[in-house]
Amino acid sequence: MKQKIVFLMLLAAALVFLTACWSSHETDELGYIILLGIDKGERNIVNVTFQLAIPQPIEGGDAEKASEVISVEAPSLFAALELADSFISKHLTFIHNKAIIVSEEIAQEGLDRYINPLVRSREVRRTNFLMVTQGKASELIQANKTLVFERYPSRQIDIFMAASRTTGLLPHADIHRFYEGLNSPGSQPIAALIGMEKKSPEKEKEDELKQQEQNSKEKVEQGLAYLPGEIPRKGGNEIEIIGLAAFREDKLIGYLNGKETRFYQLLTGNFVRGSITFPDPDPKEAGSNIIVAEIIQGRKPEVTIDLRQQKMKIRLFLEGEILSIQSGENYEQGRLRRQLEDYVSRTISREATRLIRKTQEEFRADIFGFGENTRTDFLTWQDWIEYDWLSKYPQFEVSVETEFHVRRTGMMMRTAPSEQKEG
Amino acid sequence: MNKIRIGYSEMTAVLVILIGMKAFIGYPRMITEHGATAGWLLPIASGALALGLWLIIARLLERFPGKPLTAITELLLGPGLGIAVNLIMFCYFLVTTGLLLRIFSESVILSLLPETPLSAIAVFYLFGAWYALYYGVEALARSSYIALVYIGIGLVTSLAALFPYYDFRMIFPVMGFGFGSFLKSSVFEISSFGEVIALAYLVSYFSSSDRAKIKKIGVWSMGVVILLFTSMVTVYLMVLPYPTSTETFVPIYQLYRSIFLGHYVQRVEAVFVIFAAFTAIMRIAIGLFVTLQILKDTLKIPYYRPLLGLFSLLLFTIAFTPQNIVETVKLESLFSMYYGGAITFGLPLLLCAIAFLGGKGEKAK
């Protein structure tokens, strides 16, 4: 009996602590930040933009009213948060933040000072996506208020970023990977690229002229080589997420467009699947016909690095499914299938080599993290650091080999020759 | 002689929690600080060394069947020096448990309750430990045995969920700071397994048939802990590679926070934190129990329950002695994971030397 009383008393005492009353907040007290934008300030050091969720029923209602965008200038990120509390009747919190968007200007100056407080923060998760915009982050977030398909940008960004697995046109870039790239002696960081649709008549004219100058083969080859804001389109969301921003240490040094980002994904082994359009392998048909194949990365690339001779060989292992053969040639079988496989392999190897050279000559930064493969060549950490991979990377001779095999041919086994062709 | 008996599996679970709880706080960080990329090999090397030392100590226990280490110490060193040595061990367990109390409480502030006073959390932990011990060591041992299954499932699930972040290249260069440094760290890191010595103080809780298994319990529990430490550090290094691995206050929490398996499986750390908090209570209770057991046997006190309140207060005081969390973590790391081996393994080995060279012990005769 005595024991039972003691037990009940202790249980009652425990309840006092279990309510977590000191750290409790009513849900309607909190202002959930879902997107964070960082620009250079005009009157203070930074201009911080918060997109806040306005909780309301999921069904019905206007997407624009589902969130509120505010900008505040302050000496730091957290000072901006405090200042915002003085004109918003909510306590702002990062616990549901989804992405951090920084302006090009900030990224060029160096991101380390902005990433550091985010990594230290108990509210911000390292899984937050990190993006760079060529314009102002505040304008982009404001423009994105009019969502078309979702009510909240958090869900919108999640779906957008999942495209890194389905199209490969953007990388899965988060704070975690950026921070590790920043601190590793074997790689350099990257971020995703985000921008707004450019609607000026000048831009439309410029695009038109550019397209007129290109022949069909060039159009096919350059088909996805867009940066945000360059996609020729009408309708959809105000924002575009395509390509990546490359960094040397913490400073932005250049961009990769959508097409290049795909090869970046292939070379890092992060490409899952995506359809690629090639000009027809037959030189006579190349100008008018295309072949579309869905490419799947069979396994991670094999990277062999010869440190003495400064040579690097990368082997890509790809599989594919034919989605379209416009010429009507029977590329599904026999000699033509092998010809197609060789052609795709050569094309991918060529483009991948070109991209690596760009990072060697233009960026002088190993954004692929090839240097991480050299870890096994050294016995100790000091030896590896002393080798100084990042400074030697631009001098390496690179060769890329691709093994591509057609595994499936869609719903068709072969392309039957049409009567006209027979005749 | 105690009437309470603890079974073989239950005692193994108690020891796994007592030694292995470090994996949930600073161990992965500290081991990569000392071993860099070789951090994942250190638990294997130091664990094997510690295992060897335990086998020697177990031989000493075999020489004095049914006697706890407190009694053996007094027999070998005489009452005066024996009590002094026993009190050193008592202080070791008291201080490490006190520091752990502070670290667990700070971890809760960091992860769940940022605005709650530290003292309130510490009191909550102490109440839990006090209650567990008041109910008795038998209940504590059985709870440990049951809890271990859930802790294991939780741990394996969480480590597997981090798979998208795994990068096997990050566990190289294999020798970290070099072979010399690796060897030195392996020797010092045996301290991380030092709590195995608690087994030698709990001899009276075994039935005579189970006493022969003490050596085996130590071997099994250390084997499980080596596996736990190695897998934890390997995953930690693959997800948060060196040198960023040395920055994190609570490595496991940082790992939990990194779980992202798409829109619907993210922000899941709250699930795992419950396991960690529960295990922390168990760890404090076991630490307090071992402390009191050593004191009880040294001072020949028949019961430990009347001391519970007093020692909870003492633990609370020790927990709040360091000025800040950085100081606490540093102290705890140095004390229980680096130099502590001098006490936990050093003193018993000294006794082994006296017993073996002097041909002392019942079985030796």
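User: At which residue does α6(B) bend by about 25°?

Analyst: This is a predicted model, where local features need pLDDT of at least 70, side-chain atom pairs count only at pLDDT 80 or more, and totals for chains, interfaces and linings use all residues. Residues are numbered from 1 along each chain as its sequence is written, and side-chain values use heavy atoms, without hydrogens or water. Helices are DSSP runs (H or I, at least four residues), numbered from the N terminus, and a bend is the angle between axes fitted to the seven residues ending at a residue and the seven starting there. For α6(B), the bend of about 25° sits at Ala147(B).

User: How far apart are the end C-alpha atoms of helix α6 of chain B?

Analyst: The expected span is 1.5 Å times one less than the number of residues. Helix α6 of chain B has 25 residues (137-161), so it should span 36 Å, and that agrees with the end C-alpha distance of 35 Å.

User: How much area do chain B and chain A bury between them?

Analyst: Buried area is the accessible area (1.4 Å probe) that two parts lose on being put together, summed over both. Of this, 58% is on carbon and sulfur atoms, and the total is about 4000 Å².

User: Which side chain of chain A meets Glu269(B) in a salt bridge?

Analyst: A salt bridge needs a Lys or Arg side-chain nitrogen within 4 Å of an Asp or Glu carboxyl oxygen. The count between chain B and chain A is one. At 2.2 Å, N to O, the partner of Glu269(B) is Arg125(A).

Terms used. Chains lettered and ligands numbered in written order. Helix = DSSP H or I, 4+ residues; strand = E, 2+ residues; numbered from the N terminus.
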